[in-house]
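Could you walk me through this protein model as if I were new to structures?

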Amino acid sequence: MSFLMAPIITAFERSPDRGRGLARDMRVRWALEEVGQPYEVRLLSFSEMKQPAHLALQPFGQIPTYEEGDLVLFESGAIVLHIAEHHPGLLPDDMNARARAIAWMFAALNTVEPPIVDRGTARLLEADKTWFGERQPMLEGRVRDRLDELSRRLGGADWLDGAFSAGDLLMVTVLRRLDGSGILEDYPNLSDFVARGEARPAYTRAFEAQLAVFTALSSAHP
Ligand SMILES: N[C@@H](CCC(=O)N[C@@H](CS)C(=O)NCC(=O)O)C(=O)O
């Protein structure tokens, strides 16, 4: 089923990751590409994100948001779940398998992403603090604990629970946030898992679309 009107998502006008696909609109773009749903993008500056018009859509002044007719959604996980529930391809038909795939969506966002974000935030915002050097190994240790557990569970499988699902999609985007840290490389099965996600044609289309925003900006303002 295709939505009657193309949904509109929001994304950074000037993504801090320089178009490396780490901003959370990437998950939504990838899900939409997986199910073949065309979409439009409204780009926002940092100041626009904090203004009333956007705060009415996203109470925390963040991206992404999702508008489809009368429906307005925020939270990338909720948006991906909505897309997956309305199109075939991202959740299994069997009800139990479907519930498990949704559990993996929550695991990605609620169990694996927090320590990864905590580590990244500390490096970005706290590197000049006197306690940074002491705290960093602790934050990295928490990331590694989660990766140890996830790696053990994934074992030699291609995906987390049977066929590719929205749970894998979110987990791949979460693990990609470790890009450049050198940590993921210590977990060959997780690196392969991420590479399998990145090799999907829908991923490539989504990645290129968000990179094009950054490229257009840098050629306009070199
Ligand atoms: N839990 C939210 C997090 C959204 C989020 O952190 N968005 C970032 C971009 S990836 C953002 O807008 N940051 C700017 C800010 O918080 O001011 C989701 O998954 O949608």
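Helices and strands here are DSSP runs numbered from the N terminus, where a helix is H or I with at least four residues and a strand is E with at least two. Keep in mind that this is a predicted model, in which local features need pLDDT of at least 70 and side-chain atom pairs count only at pLDDT 80 or more, while totals for chains, interfaces and linings use all residues. Residues are numbered from 1 along each chain as its sequence is written, and side-chain values use heavy atoms, with hydrogens and water left out.

Let's begin with the pocket. Rolling a probe the size of a water molecule over the atoms shows where empty space is left. The rule works on a 1 Å grid over the protein atoms alone: a cavity is a set of points where a 1.4 Å probe fits but cannot get out, whereas a pocket is an open set with protein on both sides within 12 Å along at least five of seven lines. Lining residues have an atom within 4 Å of a point. For the volume, points are joined across faces, edges and corners, and you take the space filled by probe spheres set on them.

The largest pocket holds about 1100 Å³ of space. Its lining has 34 residues, and Leu22, Arg24, Val117, Leu124 and Arg177 lie nearest its centre. Two or more lining residues come from helix 2 (46–49) and from helix 5 (95–125). Helix 5 gives the most, with ten residues.

Now for the strands, which pair if DSSP finds at least two bridges between them. Strand 1 (residues 8–12) runs parallel to strand 2 (residues 40–44), and five bridges join them. Look for threonine 10, which stands opposite arginine 42 in strand 2. To get from strand 1 to strand 2, the chain passes through helix 1 (residues 25–35), and this β-α-β crossover is right-handed. That label means that, with the strands pointing away from the viewer, the path from the first strand over the helix to the second runs clockwise.

Strand 1 also has two bridges to strand 3 (residues 65–68), this time antiparallel, and isoleucine 9 stands opposite tyrosine 66 there. Strand 3 in turn runs antiparallel to strand 4 (residues 71–74), with four bridges. Two residues lie between the strands in this hairpin, and glycine 69 takes a positive phi near 60°.

Finally, the rings. Rings of Phe, Tyr and Trp (its six-membered ring) pair if their centres lie within 6.5 Å; planes under 30 degrees apart are stacked, over 60 edge-to-face, and the rest tilted. The count comes to seven aromatic pairs. Phenylalanine 12 and phenylalanine 46 make a tilted one, 5.2 Å centre to centre with 40° between the planes. Phenylalanine 12 belongs to strand 1 and phenylalanine 46 to helix 2, 34 residues apart. Phenylalanine 12 counts as buried because its relative accessibility is 17%, while phenylalanine 46, at 44%, counts as partly exposed.

Tryptophan 30 and tyrosine 203 pair edge-to-face, at 5.0 Å and 85°. This pair links helix 1 with helix 9 (residues 201–220). Tryptophan 30 is buried at 0% relative accessible area, and tyrosine 203 is buried at 4%. Both belong to a cluster of linked rings that also takes in Trp159, Phe164, Phe193 and Phe207.

Technical notes:
Buried < 20%, exposed > 50% of the residue type's maximum accessible area, 1.4 Å probe, protein only.
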